[in-house]
Amino acid sequence: MNTAVLSGKGLAGLIQQRAQDQARLLESEGLRPSLAVVVATDDESTHWYVRSIERAAERAGIGCRILDLGHDATEQVLASVLKDLSAEPTVNGIILQTPLPAGVSADELVGHIAPEKDIDGANPLSLGRLAVGQPAFAPATARAVIELLDHFEVPVAGRNVVVVGRSAVVGKPLSLLLLAKDAAVTVCHSRSGPLETYTRPADVVVVAAGRTGLLTGSHVSPKSVVIDVGTNVLADGSLVGDVDEASVTGVAAALTPVPGGVGSVTTALLLLHTVEAAREQSRSLVRATAG
Ligand code: NAP
């Protein structure tokens, strides 16, 4: 069995280009789309990730402001910064980057991100709107999986799709997006029982558990298209997914690599969402002024 490698790099480049083209168009109308990323950690890999978003934004002609509040920022300070950014007309998109300081939970804080600026679908209102089919930003990672499947022409309508993981940032929104595309969706988690029972018969398996080596060759079949969302940093600093690549290769039909799969598409989508948010906000302003 020749397992196809579904790299996300080409698709990320296309999305980045779309964001750049749309940003140029908005700039010609006097609006420079702008993103704010709130950080409150000393974690080096988080800072590296945020800088990679900043560089990608610069390349696309999108403003990017990083607000580093330090590892000891309080929940009150974070809430106040998010409220201020939500009210600031020059900011179109807001990301609250995790991890947060010890004792500070993102659950309440994300509610302070204005839904129209919630470009990573973190506010529970965004998830609720997705659930009932109303316009909202999906978390970029969840949309990245859908974009990858579309790009490689993997059908999901009427197909058996298994999502491993039920978090509010990946598993749940992704299952809603798949349902909206008419997939028959099963969501697995740490208490759903033997994984292979669900994953072996599936046409598409998306793994988002944050567990190195969770999905092996014995969990898949020759028809399986496997999307690996996991990002796990090993002791030597290398990045791996949730899929045991060595054992799945040669058994499954296709697999996304880590790194170079879902993650690269996710960053590009954050930029595209920022431009989409900027465009929608300027339209609303015109409507409000006209009305
Ligand atoms: P999370 O909040 O920790 O959720 C993990 C989910 O996996 C939970 O629903 C958990 O089940 C389930 N799970 C854990 N162990 C399992 C097992 N042995 N069998 C079946 N299910 C299991 O993590 P997350 O934020 O969703 O992130 C998941 C992974 O995606 C992480 O590696 C994260 O770094 C990565 N990620 C990648 C991107 C990207 O852009 N590539 C973006 C976001 C996240 P329970 O609910 O029962 O605990």
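This is a predicted model: local features need pLDDT of at least 70, side-chain atom pairs count only at pLDDT 80 or more; totals for chains, interfaces and linings use all residues.
View 1. If you want to pick them out, the buried ones are A140, T141, A142, R143, A144, V145, I146, E147, L148 and L149.

**View 2. Helix 6 from its first residue to its last, and just past it.** Helix 6 runs over residues 140-151. From the first C-alpha to the last, the 12 residues reach 16 Å, close to the 16 Å you'd expect at 1.5 Å a residue. Keep following the chain and, just after helix 6, you come to E153, with a positive phi of about 55°.

**View 3. Helix 1 packing with helix 2.** Here helix 1 (residues 9-28) packs with helix 2 (residues 44-60) at an angle of about 50°, and the axes lie 8 Å apart. Angles that aren't roughly parallel, antiparallel or perpendicular count as oblique, and these two helices are therefore oblique to each other. Which residues meet here? Helix 1 brings Q16, Q20 and A23, while helix 2 brings A56, R59 and A60. Sort the residues of this contact by type and you get three nonpolar, two polar and one charged.

**View 4. The two assigned domains.** Stepping along the protein chain, the domain assignment gives domain 1 (31-114) and domain 2 (140-263). Their centres, taken over C-alpha atoms, are separated by 28 Å.

Definitions and conventions: Residues are numbered from 1 along each chain as its sequence is written. Side-chain values use heavy atoms; hydrogens and water are left out. Axes are lines fitted to C-alpha atoms, for helices over the stretch in contact, and angles run from 0 to 180 degrees between N-to-C directions. Helices (H or I, at least four residues) and strands (E, at least two) are DSSP runs, numbered from the N terminus. Angles under 35 degrees count as roughly parallel, over 145 as roughly antiparallel, 65 to 115 as roughly perpendicular and the rest as oblique. Contact means heavy atoms within 4.5 Å. Ala, Val, Leu, Ile, Met, Phe, Trp, Tyr, Cys and Pro count as nonpolar, Asp, Glu, Lys and Arg as charged, and the others, Gly among them, as polar. Domain bounds come from an automatic or database domain assignment. The expected span of a helix is 1.5 Å times one less than its number of residues. Buried means under 20% relative accessible area, exposed over 50%, partly exposed in between (1.4 Å probe, protein chains only).
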